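Visitor: I've never read a protein model before. Could you walk me through this one, a feature at a time?

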Amino acid sequence: MHILPRGILILAVCFGVAGCGSTWSTSNVQKSGYDPKVNASAAAPVRAPTPVAQILVTEGDITDRKYRVLGDINVNVNKTTIFNADPTRADVDAKLREEAYKLRADAVILVRYGSVGIALMSWGALDGKGRAVVYED
Amino acid sequence: MKTSILILSIGLVAVGCARPAPSLPSAQTIAPVQMEEAERLAACTAIDERLAASQRRTAELDAVIQSNRRSNQTIGYVAAITLPPLMLAAEENSAEKAELDRLQAERDQLYAKRRSAAC
């Protein structure tokens, strides 16, 4: 009689853990007000957005090309359960690329990372920020 | 019971916390500084050397924080289940985290200089 409820409980927990992705994330974007689609002109016509995989994510700046700032992106990646691996900088980069794509950005520059640790809603959280830019030439 | 939950909450907030990423610098336009080519090359080399040193130090500090991560998590799990005051045994690495923030601010200044020197 006692074994059945405990078994169901363990099973439910296992299903709960197995059903979760290894990470979940949040993001916040502060747009600069410039939109490549809206601000298109004859000199700078609308072009297809850079594919997500080709968006440059760098801790440095770009000095060999002119660019325009689209906005500042702040992302937070969290591990789903205590059993999952800690989020990595690659996870943060992927999330930054995802948000940059939504802004039609070509690159995310000046990227900085926090340190993995316990957060209010997660046993392992990693924070990242970057500036989304679009090339002018 | 309520006391345990309170101690646990304080412990979670006080130890082993994630360090947030430092704020981005302001998006001001940096005007290029006019300088001779040789002077510009020397300035760029000096900036790049300082950037490399800053990144090396950052990697060292990250490794120190990361080396405590497993023990901090173990302490956190055990404390959450059995003994909340155990949270106080976790390593916060406050000094390392403060230095990481300082190094990021230094790199932001170096990137601005790099841009003004058109490196």
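Guide: Take A:Met121 as a case: it sits in the loop between β5 (117-119) and β6 (122-135) of chain A. A word on the labels: residues are numbered from 1 along each chain as its sequence is written, while chains are lettered from A and ligands numbered from 1 in the order in which they are written. This is a predicted model, where local features need pLDDT of at least 70, side-chain atom pairs count only at pLDDT 80 or more, and totals for chains, interfaces and linings use all residues.

Visitor: Is A:Met121 buried or exposed, and why?

Guide: The general idea is to count neighbours: a residue is buried if 20 or more other C-beta atoms lie within 10 Å of its own, exposed if 12 or fewer, and partly exposed in between, with C-beta atoms placed from the backbone. A:Met121 counts as exposed because it has 10 C-beta neighbours inside 10 Å. A:Lys102, in helix α2 of chain A, has 15 such neighbours, so it counts as partly exposed.

Visitor: How many helices and strands does chain A have?

Guide: Chain A has two helices and six strands, and from the N terminus on they run α-β-β-β-α-β-β-β. Of its 137 residues, 37% count as buried.

Visitor: How do I read contacts?

Guide: Two residues are in contact if their C-beta atoms, placed from the backbone, lie within 7 Å. In chain A, residues 24 or more positions apart account for 80% of the contacts with a separation of 6 or more.

Visitor: Which residues of α2(B) are buried?

Guide: They are B:Asn72, B:Ile75, B:Gly76 and B:Ala79. An α-helix has 3.6 residues a turn, so residues three or four places apart point the same way. Helix α2 of chain B (residues 37-81) has 45 residues and reaches 64 Å from its first C-alpha to its last, close to the 66 Å expected at 1.5 Å a residue; that expected span is 1.5 Å times one less than the number of residues. There's also a bend of about 35° at B:Arg69, the bend being the angle between axes fitted to the seven residues ending there and the seven starting there.

Visitor: How many residues of chain B are in contact with chain A?

Guide: 25 residues of chain B are in contact with 24 residues of chain A. On the chain B side, α2 and α3 each supply at least two residues. By class, that side has 15 nonpolar, four polar and six charged residues. Here Ala, Val, Leu, Ile, Met, Phe, Trp, Tyr, Cys and Pro count as nonpolar, Asp, Glu, Lys and Arg as charged, and the others, Gly among them, as polar.

Visitor: Last one: how do I read the confidence?

Guide: pLDDT is the predictor's confidence in each residue, from 0 to 100. Chain A averages 84, and 80% of its residues score at least 70. Over residues 14-19 of chain A the pLDDT is below 50, and beyond near neighbours in sequence this stretch has two contacts in the model. Chain B has a mean of 85; among its elements, helix α1 (residues 2-14) has the lowest mean pLDDT (53) and helix α3 (residues 94-116) the highest (95). For the complex, the predictor gives an ipTM of 0.79 and a pTM of 0.80.

Notes: Helix = DSSP H or I, 4+ residues; strand = E, 2+ residues; numbered from the N terminus.
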